[in-house]
Amino acid sequence: MMKKLILSLLAFLLVLPAVAHSVPADSVPSRKKVALVLSGGGALGAGHVGALKVIEEAGIPIDMVVGTSIGSIIGAMYSVGYDSDDIATMFRGMDWTDLFMDRGNPKHLTLNEREARNTYIYEREFYVRRGLDPKPGGVIRGNNIESTFSHYLQGYTDSLNFLRDLPRQFACVATDLVTDEAVVLSKGSLVKSIRSSMSIPGVFTPVHHGDMVLVDGGTKNNFPADVARDLGADIVIGIRFDIGVGTDKNYRTFIDVLERSVGSDINHRTLENEKYCDMVITVPVRGYSSGSFSLGAINTLIERGEKAAREKMDSIMMLKLESGAMPGHNYAMHLRDIENLEESTEETAGLIDSREPNTIMASVGLRYDSEDVAALQLRGRYFIGEKSTRELDLTLRLGLRSMFRLDYNFEPRKFKKMGLSYEFWHNIHQDFYNRGHQCDNLSFFYQKANAKLFSFDAMNFDCEVGLGWEHYHISKSLWDENSPVRFKVNEYYLNYHARVRYNSEDDPYFTQRGVRAEAQYAYYTDNLAQWNGHSGFGAFSALCQATIPLSATTHLRPNAQCRFLFGDDLPAMKNNAVGGMSYGKYFPHQMPFAGIGHVEFFEDKFVSLSLRLQQRVVGRHYLLLDGSVAEHDDELKNLFDNKPIWGGRLSYFYDSGVLGPLGASVGWSSFTHRVNFFVSLGFDF
């Protein structure tokens, strides 16, 4: 009998670990419930990730996560089964600037909408009908936050009980503006909950939840250790940040005073809540702020979090023993891999029409360069009617090249448009060069009216057929005897035109993949039939460029472009204008060329080949090396009989994200024999 009893007891002990592994922690009497508390802090949250890595290595069971703001994001991802390596990958790979803006997902935008998205630094819709705005009270609506974390949290986006329906229990803290009290969110939409917890007041629009209006929980409880205790945690491990504010500061700057005054009450509540913790891991983050989302800063903060946790390893192991965790048992939970996360079936694929009826979409762009100095561009799109099939689009550019454009479009079918447009340019000061020497200076007006008979705007493709009227008027001109061109005071044209474009590039400035190609033809007349009493003249242009990856940080971009003019009595303003770094900067038909910094006029037939070497040095810093070679002649048959022109340009740029590329370039060409230097800050428009 005794032998059977001993064998039965041994069998029970052998199967006990397997039984315990499959039973929820709160139903195992022999083990205490362990909670992890993650404080808010924006980019400083990367410190949480480093500390999590050490906690996983120690093998201490984590049954519950409670977080505020960025702590709620990390907590939600940890609770659905990501591990510290997954969350570190998310931190390092996330475009945080794009995440915090309301610009649409490029996967869902038409080609024209995507190009506009890469021009403006801020975009926001305003509701004009009955003055109702479903998301008032903030500059940023947080649409990208919701769509991004709906992807990461796929499978857990329905209404849930976070204490029952997730692999790990979870709760987060927000602040109710109505009652001015902290609110614990433990059920409902997981995505909406973390969106509420991180909604900085006045920056992000609040989240309306029943009678509550919710914003960032950090304003009331940035370190919710008390919440973890209230939810039944037996052992609480907290992770918070030490920003290093102390008596050594003189508080002479505005930032110092603001940091201290705003953070005083929050810090006081945090210190109070430490009494609910069995252990606090304090990550030193001095030198960094909540906005330090650069790759270098994130890596440093992860390292600091890991180091701070390793210094507490003895205490962690003691808490593991106190929790009743079984020796040798693996409590780690890695239920999903962020590297292999599939596209969610809950996400919309392809083009979507995100326009709201009776709204105005307002956009703002800013830039500075060494030629135009400062420029401001404003755009407003009014979506008319319940079905938003009609659109009024107004664009205003202020600077040395001022511009006004008004478009009216309607869609007889989805993504197929017809419409009318009017455009007016005033170029106050335009220099022209002849082989590197300034020969002309013009102040001119340009008008253009267009009837869009048919257009189709898709994700990577668009085409247009229409009729147009153009007018150049020179209000002031200075030129010397070496000028190869004589301008008329007024030039008028009527044209028939067609254009087709394809663009799958992932970024217009620092492309890593994709192809861009386009071709257009226009036939010019003065009466829709003839030009100066004879046949009209034509202009054909085309370009094609591709991006070839050599490594993760090195890319080649070959480019071919041409513009051919056909006919007699060609007007000066339609000559081939070449120079600068981008298309259409000085004239609608202007083409860039490496090494030529200003506008030069070339013969009627022009073709060029160029090659760009793009090297990402570190983080968002880029070096660009461009080389170009070109041929030009009045006759197509003689195009390659002349000595080719070549040029080169070296550029440095920093991809600032929301503000656009910031950098400078230096170039030289065999055509001008001049060194040119150009500074460009911001998106190009």
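Reply: Let us start with Val666, which is partly exposed because its relative accessible area is 35%. Please keep in mind that this is a predicted model, and that Val666 has its place in strand β33, which covers residues 661-669.

Me: Which nonpolar patch on the surface does Val666 belong to, and what is its accessible area?
Reply: Val666 is one of the residues of a patch that also includes Ile548, Leu550, Leu613, Tyr652 and Phe677, and together the members of this patch have about 1100 Å² of accessible area.

Me: Which strands supply at least two residues of that patch?
Reply: At least two residues each come from β30 (605-618), β31 (621-633), β32 (645-655) and β34 (675-682), and it is β30 that gives the most, with three residues.

Me: OK, stepping back, how many helices and strands are in the chain?
Reply: The protein chain holds 12 helices and 34 strands. It has 685 residues, and 49% of them are buried, while its accessible surface comes to about 31800 Å², with 58% of that belonging to carbon and sulfur atoms.

Me: And what share of the contacts with a separation of 6 or more is between residues 24 or more positions apart?
Reply: Such pairs account for 64% of those contacts in the protein chain.

Me: Now the inside. Which residues touch the most other members in the largest nonpolar core?
Reply: That core has 70 residues, and the ones that touch the most other members are Ile87, Met90, Phe91, Trp96 and Phe149. Helix α2, residues 46-58, gives the most to this core, with seven residues.

Me: What is Met90 in contact with, leaving aside its neighbours within four places in sequence?
Reply: With those neighbours left aside, Met90 is in contact with Ile73, Met77, Trp96, Tyr152 and Ile338.

Me: Switching to strand β29, which way do its residues point?
Reply: Strand β29 runs over residues 599-602, with Val599 and Phe601 pointing one way and Glu600 and Phe602 the other way, and all of them are buried. As background, side chains in a regular strand alternate between the two faces of the sheet.

Me: Does β29 pair in the parallel or the antiparallel sense with β18? And what about β28?
Reply: With β18, which covers residues 416-434, β29 pairs in the parallel sense over two bridges, and there Phe432 stands opposite Val599. With β28, residues 576-578, the pairing is antiparallel over three bridges, and Val578 has Glu600 in β29 as its bridge partner.

Me: One last topic: what is the phi of Asp180, and what is that of Asp569?
Reply: Asp180 has a positive phi of about 60° although it is not a glycine, and Asp569, also not a glycine, has a positive phi of about 55°. These values deserve a remark because most residues other than glycine have a negative phi.

Me: Where are Asp180 and Asp569 found?
Reply: Asp180 is in the loop between β6 (169-176) and β7 (181-185), whereas Asp569 lies in the loop between β27 (554-566) and β28.

Definitions and conventions: Residues are numbered from 1 along each chain as its sequence is written. This is a predicted model: local features need pLDDT of at least 70, side-chain atom pairs count only at pLDDT 80 or more; totals for chains, interfaces and linings use all residues. Side-chain values use heavy atoms; hydrogens and water are left out. Buried means under 20% relative accessible area, exposed over 50%, partly exposed in between (1.4 Å probe, protein chains only). Helices (H or I, at least four residues) and strands (E, at least two) are DSSP runs, numbered from the N terminus. Two strands pair if DSSP finds at least two bridges between them. A nonpolar core is a set of buried Ala, Val, Leu, Ile, Met, Phe, Trp, Tyr and Cys residues joined through side-chain atoms within 4.5 Å. Contact means heavy atoms within 4.5 Å. Patches are made of residues with over 30% relative accessible area and no salt bridge: like charges are joined within 9 Å, nonpolar side chains (Val, Leu, Ile, Met, Phe, Trp, Tyr) within 5 Å. Accessible areas come from the Shrake-Rupley method with a 1.4 Å probe; for residues, only the protein chains shown count as cover. A salt bridge is a side-chain nitrogen of Lys or Arg within 4 Å of a carboxyl oxygen of Asp or Glu.
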